[in-house]
Amino acid sequence: MKTRSTSSFKYHFRAPGSQVEGPIRFAVGQTVLGKVLVGRSQHGICAIFLGEAEQVLRDQLAAEFPRTELKASQASLTGELNQIIAFIDKDTAEGVVNLDIGGTAFEQRVWQALCGIPAGKTRSYGDVARDIGVPEAVRAVAGACAANVLAIAIPCHRVVRRDGSLSGYRWGVDRKRALLADEADETAMEISA
C-alpha cells in the first residue's frame, strides 16, 4: 500500500451547500485496507468509503446522500473502481480521477488545506485552522475532517492531535495508523535512495 500523492486527482468543488447531481452509481471492491465503496455522480467520484462490510458501506452512502437516487453499478464503474483500488494499494492510478466535492464553504477550505499536506507529513488540527486563517476553529476543523466522504483522495488521515497522537478517523484509527506508517516508510525509502 502506498498513498504518497494526490496528483492523480482532479478536484471539482461544487458551490458550497449544493447537492450532488444524481443518480449516484456505486461499486464495491477490495483493497489492502478492506472493502472500498466508490460512488460516482454525473460529474465525478463523490464518495470513497472504507470498511469491512459491503452493506455498512452502502448504508453510509445512503446516509450521506439521502435525497439522491443510488444505483449499484459494478460493471459500469469497473474502470473508476480499479483506479481507486490501484491508488490505495499502489499509489498509482491510470489517468486522472475526477472528484465531485460538496460540503460547506468552511469544509471545502479545510479539505483544500489537507490536500496540501505532503505524504509522510502530518499537521495538527490547530495547524490546519491557522493555515486557513481561523486559528480558533480547531474543533470545526476536526468536524470538517469527520465530514470528508472521499477517503484517501482528501487526506484527512494526515491530521493529528497537537501532541502528534492519533485521534478519530471516520474509517477507523487502525486504518489511519496504517496509512501514516506506510507513507512514513515510503518517504524514508525515497530519502535514503
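Trainee: Where is the place of I152?

Mentor: I152 sits in the loop between α5 and β8. Helices here are DSSP runs of H or I with at least four residues, strands are runs of E with at least two, and both are numbered from the N terminus. This is a predicted model, in which local features need pLDDT of at least 70 and side-chain atom pairs count only at pLDDT 80 or more, while totals for chains, interfaces and linings use all residues. Residues are numbered from 1 along each chain as its sequence is written, and side-chain values use heavy atoms, with hydrogens and water left out.

Trainee: Is I152 buried or exposed?

Mentor: I152 is buried, with a relative accessible area of 3%. Buried means under 20% relative accessible area, exposed means over 50%, and partly exposed lies in between, with a 1.4 Å probe and protein chains only. The phi of I152 is near 70°, a positive value in a residue other than glycine.

Trainee: What about helix α5, then: which of its residues are buried?

Mentor: In α5 (residues 138–147), the buried residues are V141, A144 and C145. They lie on the same side of α5, because they cover an arc of only 100° around the axis. That arc is taken from the directions from the helix axis to the C-beta atoms.

Trainee: And what covers them?

Mentor: The cover of the buried α5 residues includes α3 (105–115), α4 (125–131) and β8 (159–160). Contact means heavy atoms within 4.5 Å.

Trainee: Which residues of α3 are buried?

Mentor: E107, Q108, V110, W111 and L114 are buried in α3. Their arc around the axis is only 160°, which puts them on the same side of α3. The buried residues of α3 pack against β1, β6, α4, α5 and β8.

Trainee: Changing topic: what is the mean pLDDT of the chain?

Mentor: The mean pLDDT, which is the predictor's confidence in each residue from 0 to 100, is 90 for the chain, and 92% of its residues reach 70 or more. Confidence is lowest in helix α6 (residues 173–192), at a mean of 77, and highest in strand β2 (residues 24–31), at 98. Over residues 1–6 the pLDDT is below 50, although this stretch has 38 contacts in the model beyond near neighbours in sequence.

Trainee: How many residues of β4 are buried?

Mentor: In β4 (residues 45–51), 7 of the 7 residues are buried, so the strand is largely enclosed by the rest of the structure.

Trainee: What covers the buried residues of α2?

Mentor: That cover includes β1 (9–13), β2, β3, β4 and β6 (97–101). The buried residues of α2 are L81, Q83, I84, I85, A86, F87, I88 and D89. Just after α2, D91 takes a positive phi of about 60°.

Trainee: How many aromatic pairs are there?

Mentor: A search of the whole structure finds 5 aromatic pairs. Rings of Phe, Tyr and Trp (its six-membered ring) pair if their centres lie within 6.5 Å; planes under 30 degrees apart count as stacked, over 60 as edge-to-face and the rest as tilted. The ring centres of F9 and Y11 are 6.4 Å apart with planes at 55°, so this pair is tilted. For Y169 and W171 the centres are 5.5 Å apart and the planes at 70°, so that pair is edge-to-face. Both Y169 and W171 are buried.

Trainee: Which residues do ring pairs link into a cluster?

Mentor: The cluster consists of F9, Y11, F13 and F87. Of these, F9 is buried, with a relative accessible area of 7%, whereas Y11 is partly exposed, at 27%.
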